[in-house]
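Let us read a structure together, one feature at a time.

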Amino acid sequence: MSGPIQPPDLECQNELLAGVEAREGRTASVGGLDVVRVLPTKGRRTVGAWCFVDLLGPADADEPDPLEVGPHPHIGLATVTWLLEGEALHSDSLGTEQVIRPGQLNLMTAGHGIAHAELAAQPPFRGVQLWIAQPEGTRHDAPAFEHHEELPEVELDHAAGQVLAGTLGEASSPARTDTPLLGADLTLRRGRTVLPTDRTFEHAVVPLEGRVKIGPEVVEPGWVALVPTGVTDLPLESEHGGGRLLVLGGEPLGGSVQMWWNFVARDRDEITAAYRDWRDRTDRFGTVPSQLERIDAPRPPWLRETG
Ligand code: MN
């Protein structure tokens, strides 16, 4: 005998959605560009392995901010560059020089160490910069870079978009993932969209245009909605019949991730070692083919003057 399973499941789903939290991002400056940082947020460092989300963009279209980020190092993370407007040139210490345009994906995996620079080739410039923390199994590996000219399209009821990482519906991204995760850019039409989500994932919804309702919360650009694990169908509804957003998800990252400056590690000693290798120009981070000025690391606050 099987009883009705629908009502308890729905109840459970609604209870989970009641746990959705809305957070406002904070403004910061990166390479002279005003950005809104929506992750990390207060008391919350990661969503899946996603550990950093910056919305980059000119607020003033008449005087676009330049994007000029000189050579700087990374360890223990992958950077995702996703443009909404304009063009940028990525160069890195693997010798890569790659122009990126809207709809294309740059994925740079730092592993043990890489250095790169970014230059707006065509302003005005608007985009998203995301970091993914690498797991223990790959974070000491050699660095790598991928450029994806085209990404798979996903078509859902009342929404369509591109899958940057992982799988959504029928569409799977060819981009490398070191942990189970999802990244998608969705344009919402009028009506309610239900995303088929993995119940083992936690999610973040990052509005890019328009206001969007997720469970009991409404968020707009500059905000993020955090969705707990256990949700198998994530309802999204645009407030005014249209909108665009990023959905980021993944299995919660076990262990303690330490982030400082451009480094993701597990403890201070690893970060100190990376700081010194960059300062002392050891061959760990290589040389970037860029005319931009190299960015020095600030001294970690836990080091003494002689550090
Ligand atoms: Mn960087």
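Q: What should I know before starting?
A: This is a predicted model: local features need pLDDT of at least 70, side-chain atom pairs count only at pLDDT 80 or more, and totals for chains, interfaces and linings use all residues. Residues are numbered from 1 along each chain as its sequence is written, and side-chain values use heavy atoms, with hydrogens and water left out.

Q: Which residues coordinate the manganese ion?
A: Donors are N, O and S atoms within 2.8 Å of the metal (3.2 Å for Na, K and Ca); water is not among the atoms, so sites may look incomplete. Here His-72, His-74 and His-116 each use NE2, at 2.1 to 2.2 Å. Their sequence spacing is H-x1-H-x41-H. His-72 and His-74 are both buried (under 20% relative accessible area; exposed is over 50%, partly exposed in between; 1.4 Å probe, protein chains only).

Q: Which residues of helix 2 are buried?
A: An α-helix has 3.6 residues a turn, so residues three or four places apart point the same way. In helix 2, Ile-271, Thr-272, Ala-274, Tyr-275 and Trp-278 are buried. They lie on the same side of helix 2, because their arc around the axis is only 165 degrees (taken from the directions from the axis to the C-beta atoms).

Q: In what order do the four strands of the open sheet run?
A: Strands of a sheet pair through backbone hydrogen bonds, either parallel or antiparallel. Pairing requires at least two DSSP bridges; strands are DSSP runs (E, at least two residues), and helices are too (H or I, at least four), numbered from the N terminus. The order here is 16-21-18-19, with antiparallel pairing. Strands 16 (192-196) and 19 (217-219) are the edges, each pairing on one side only.
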